[in-house]
Amino acid sequence: MAVNEVVYQEIITALAPAQVTLVAVSKTKPAADIQALYNLGQRDFGENYVQEITEKQPVLPADIRWHFIGHLQSNKVKYIAPFVHLIHGIDTEKLLREVNKQAQKQNRVIDCLLQVHIAQEETKFGLDADELAALLQQVTQRPDEWSHIRVTGLMGMASFSEDTEKVRNEFRYIHSLFIKHQSITNTNCQLTTLSMGMSGDYTMAIEEGSTMVRIGSLLFGKRP
Ligand SMILES: *Cc1c(COP(=O)(O)O)cnc(C)c1O
């Protein structure tokens with residue numbers, strides 16, 4: 001079976017009490033697997049690669065909410081701007097400006113999460129606390145320049161580590177930044193989504209305040 005229905009129902013049950021949103025991460029998996037999970041009721045799907053998401057989107061149901069969760073290059077924003085529901089990995093002002101520009105061309109507003117660098121070794125992507133504060137200030141102080149994006153939250157990837165206390169501390173760190181900046185109530189910046197937690201650490205992420213988990217291999221099996 002391409003999709004693990006039992007695990008899917010278990011995850012849905014685990015997320016329900018805290019009303020956490022499940023993004024099913026379908027990167028490298030065929031459209032048929034996405035359709036199978038869609039048929040069970042899933043609507044939010046996450047992809048990492050521009051080429052893959054743009055190939056899958058037109059052949060799958062129109063009411064799927066497509067999340068772009070990978071590292072996005074500015075020159076590729078235009079390909080996903082017509083349909084993307086939420087971009088999780090905004091890590092520079094330049095990229096956010098490009099999203100704003102391409103959203104304007106599409107006559108729409110695109111929701112974005114700012115990616116915070118929480119895992120020390122694994123990835124070089126993401127903003128540190130000062131860069132995050134600076135970008136939030138940029139967006140809130142010049143709302144007229146950012147009329148086609150909304151910053152709706154933060155995203156982080158914890159270390160891929162057996163050291164659960166380390167992972168927990170990384171979740172706590174981004175959660176503290178999320179809480180800190182929740183005092184911002186701006187028309188195009190209001191932090192309501194905290195995207196953290198994957199197959200290996202989602203239960204801990206929920207304990208630490210996640211509102212959105214991104215789960216791939218548990219649902220679709222291991223990737224090549
Ligand atoms: C691949 C990926 C996931 C899902 O990872 P799994 O361990 O398969 O659940 C989540 N978030 C991001 C950013 C990813 O690249």
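Q: Is R168 buried or exposed?
A: Buried means under 20% relative accessible area, exposed means over 50%, and partly exposed lies in between (1.4 Å probe, protein chains only). R168 has a relative accessibility of 17%, so this residue counts as buried.

Q: What pLDDT do local features need in this model?
A: Residues are numbered from 1 along each chain as its sequence is written, and side-chain values use heavy atoms, with hydrogens and water left out. This is a predicted model: totals for chains, interfaces and linings use all residues, side-chain atom pairs count only at pLDDT 80 or more, and local features need a pLDDT of at least 70.

Q: Which residue forms a salt bridge with R168 at 3.0 Å?
A: A salt bridge is a side-chain nitrogen of Lys or Arg within 4 Å of a carboxyl oxygen of Asp or Glu. For R168, the closest N and O atoms are 3.0 Å apart, and the partner is E207.

Q: How many residues apart are E207 and R168?
A: E207 and R168 form a salt bridge. Helices (H or I, at least four residues) and strands (E, at least two) are DSSP runs, numbered from the N terminus. E207 lies in helix α8 (residues 202-207) and R168 in helix α7 (residues 164-180), so the pair links distant parts of the chain, with a separation of 39 residues.

Q: Is E207 buried or exposed?
A: E207 sits in helix α8. Its relative accessibility is 55%, so E207 counts as exposed.

Q: How far apart are the C-alpha atoms of E207 and F171?
A: Along the chain, E207 and F171 are 36 residues apart.

Q: What separates E52 and K56 along helix α3?
A: The side chains of E52 and K56 meet in a salt bridge at 2.6 Å, N to O. They are four residues apart in helix α3 (residues 50-56), so their separation is about one helical turn.

Q: Which backbone atom does the E52 side chain reach at 2.7 Å?
A: E52 is buried, with a relative accessible area of 16%. A polar contact is a pair of N or O atoms within 3.5 Å; within protein, one must be able to donate a hydrogen and the other to accept it, and residues adjacent in sequence count only if both atoms are side-chain atoms. At 2.7 Å, the E52 side chain reaches the backbone nitrogen of T28.

Q: How far apart are the closest N and O atoms of E47 and K56?
A: E47 counts as buried at 0% relative accessibility. K56 counts as buried at 7%. The two form a salt bridge, and their closest N and O atoms lie apart by 2.8 Å.

Q: How many residues surround the ligand?
A: A residue is near a molecule or strand if one of its heavy atoms lies within 4 Å of it. The closest to the ligand are K27, N48, S199, S217 and R223. The number of surrounding residues is 13.

Q: What share of the ligand's area does the protein bury?
A: A polar side-chain atom of K27 lies 2.7 Å from a ligand oxygen. A polar backbone atom of G216 is 2.8 Å from a ligand oxygen. Accessible areas come from the Shrake-Rupley method with a 1.4 Å probe; for residues, only the protein chains shown count as cover. Taken alone the ligand exposes 390 Å², and of that the protein buries 91%.
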